[in-house]
Amino acid sequence: MRSFISSFAASAALILAILAATGAGAQTTAERPIVCEALSAAEPATLIDVCTALIDNPATPESERLDAMITRAAALHNSGQSDKALAEIASVIAKDPNRARAFRARGEILRQTGKVEAAFEALNQAIRLEPDNATGYANRANAFNNARKYDRAIEDYNEALRLKPDFAQAFSDRGAAWYFKGEYQKAIADYDEALRLEPHRARTYSNRSAAYRKLGRTEKAIEDVTTAIRIDPTQPEFFDNRGLDLAGNSDYARAIADYDEAIKLRPEAKFLTNRGDAYQARKDYDRAIADYDAALKLDPKFQRAYNNRGAAWVKKGDRSRALKDYAEAVRLNPSDSTAAANHKEITQEIERLGSLSYQKNLPSFNCATAKRQVEKAICADASLAQLDRNISDVFLRVIASAEADSHRAALALTRQQRDFIDKRNASFGKRGYDLRQAMEDRLEKLNTIARQ
């Protein structure tokens, strides 16, 4: 059985984040006073207050006010108020329908909220209004990445880099497109260039780590993701990714420590499942199952947790629970070949064990062809059938043991067994003959021989 889908062995477990072209860099708010401007690293709530003050100031020129509204909209979106952000953008566009930045912001908000088709409409308009703006192409490329149209994404990133050759974020995001296409060396080359231009961007290190992992260069992967953690220790994905690398090296103790940190920062089903996998690899099945339980409490549709919990139940000998979990894993994702194979195998195993269990209540001969009355009587009584099966099983063990020491002794035991069966056949139905007692006596004699 292919047991569990190990997240440190299965690339599907890794989610590579693509940063928006408007993502913040390494600059901290302590370096300068907070102002209402694009790409500000300020906390959304603080930025909203600063922009609101600028917007409400009667002395603010209209063009600056509209730009401040766009910046405030981005901050609203980053604080979880996406509908309010889109309403703010709509207000800007109503006042100035030719403001390309407003369409770029609308496109990014729509893209990040999963409304990719609507995002394309806004981003296309932004490019029509400002065809020489590199950010417009980079943003639309991100949308193509989300739509899994990686070749189109790369075309747009290329154009963004033609217009702005030092556009570090475009290099990083093009690296993501290459990654998703399976072109890991090209992805690493783009991440290298992005880090040359902006050496303190944690997410780029994390993404390059993922590409190194795909190439089997685990030490480089660990080195990069450790750098990402050093730069920004607030991102749980970084700890989770390093946990994957460590687990891939069978360093489960350190992997679990990283998963602990990821879960502490933000409990997620995938983090708990990854930790459960590490516990399972250490044969600590109870802790593994506890983590899978917690993962499914957070996300009842997290398919991998069902499959991997099923594997843990198998290791604990609970096939019925394993079957139930494998069945749910297949229901949630019928294309998962590992879950399907596990479900099929455990089903066949349960059927085989059920058949063996049934056979325990069958005699040593075929009841369908039984002709003697004594055989028919044994077939009609489950306890007699079990006695006959037990006599046969012990006799075969005794013969095998005797044959190893003396062929003559094995022949003598065989004659005794035949004498018992002949007497049984001849005596059944006659007065004074107790079939059950005779069979019990024979079994006891065989057991005595087996114990010698």
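This is a predicted model: local features need pLDDT of at least 70, side-chain atom pairs count only at pLDDT 80 or more; totals for chains, interfaces and linings use all residues.

Q: Where is arginine 309 located?
A: Arginine 309 belongs to helix α16, which covers residues 303-315.

Q: And which residues is arginine 309 in contact with, leaving aside its neighbours within four places in sequence?
A: With those neighbours set aside, arginine 309 is in contact with Ile289, Tyr292, Asp293, Leu296 and Asp325.

Q: Let us turn to aromatic rings. How many aromatic pairs are there?
A: The count comes to four aromatic pairs. One of them joins tyrosine 150 and phenylalanine 180, which are stacked with 5.5 Å centre to centre and 20° between the planes.

Q: Which helices do tyrosine 150 and phenylalanine 180 lie in?
A: Tyrosine 150 is in helix α7 (residues 150-163) and phenylalanine 180 is in helix α8 (residues 168-180), so the pair ties together parts that are 30 residues apart in sequence.

Q: Is tyrosine 150 buried or exposed?
A: Tyrosine 150 is buried, as its relative accessible area is 17%.

Q: What kind of aromatic pair do tyrosine 179 and tyrosine 184 form?
A: Tyrosine 179 and tyrosine 184 form an edge-to-face pair, with 5.4 Å centre to centre and 65° between the planes. Tyrosine 179 is buried, with a relative accessible area of 7%.

Q: Which residues do ring pairs link into a cluster?
A: The cluster consists of Tyr150, Tyr179, Phe180 and Tyr184, linked by ring pairs.

Q: What sits over the ring of phenylalanine 167?
A: The charged end of lysine 164 sits there, 4.6 Å from the centre of the phenylalanine 167 ring.

Q: New topic: helix packing. What describes two packed helices?
A: Two packed helices are described by the angle between their axes and by the distance between those axes.

Q: At what angle do α1 and α2 pack?
A: Helix α1 (residues 44-56) and helix α2 (residues 62-78) pack at an angle of about 160°, and their axes are 9 Å apart. Angles over 145 degrees count as roughly antiparallel, so α1 and α2 are roughly antiparallel to each other. The crossing of α1 past α2 is left-handed.

Q: Which residues in α1 and α2 meet?
A: On the α1 side they include Leu47, Ile48 and Cys51, and on the α2 side they include Ala68, Met69 and Ala75.

Q: What about α11 and α12? At what angle do they pack?
A: Helix α11 (residues 218-231) and helix α12 (residues 236-248) pack at about 160°, with their axes 9 Å apart. The two helices are therefore roughly antiparallel to each other, and their crossing is left-handed. Among the residues making the contact are Ala221, Ile222 and Val225 of α11, together with Phe238, Phe239 and Leu246 of α12.

Q: Where is glutamate 223?
A: Glutamate 223 is placed in helix α11 and is partly exposed, with a relative accessible area of 46%.

Q: Are α20 and α22 roughly parallel or roughly antiparallel?
A: The axes of helix α20 (residues 382-405) and helix α22 (residues 435-451) come within 9 Å and cross at roughly 25°. That angle makes α20 roughly parallel to α22. The crossing of α20 and α22 is left-handed. The residues that meet include Leu384, Leu387 and Ile391 in α20, and Leu435, Met439 and Leu443 in α22.

Terms used: Residues are numbered from 1 along each chain as its sequence is written. Side-chain values use heavy atoms; hydrogens and water are left out. Rings of Phe, Tyr and Trp (its six-membered ring) pair if their centres lie within 6.5 Å; planes under 30 degrees apart count as stacked, over 60 as edge-to-face and the rest as tilted. Helices (H or I, at least four residues) and strands (E, at least two) are DSSP runs, numbered from the N terminus. Buried means under 20% relative accessible area, exposed over 50%, partly exposed in between (1.4 Å probe, protein chains only). A charge sits over a ring if NZ of Lys or CZ of Arg is within 6 Å of the ring centre and within 35 degrees of the ring normal. Axes are lines fitted to C-alpha atoms, for helices over the stretch in contact, and angles run from 0 to 180 degrees between N-to-C directions. Angles under 35 degrees count as roughly parallel, over 145 as roughly antiparallel, 65 to 115 as roughly perpendicular and the rest as oblique. A crossing is left-handed if the near helix is turned anticlockwise from the far one by less than a right angle, and right-handed if clockwise. Contact means heavy atoms within 4.5 Å.
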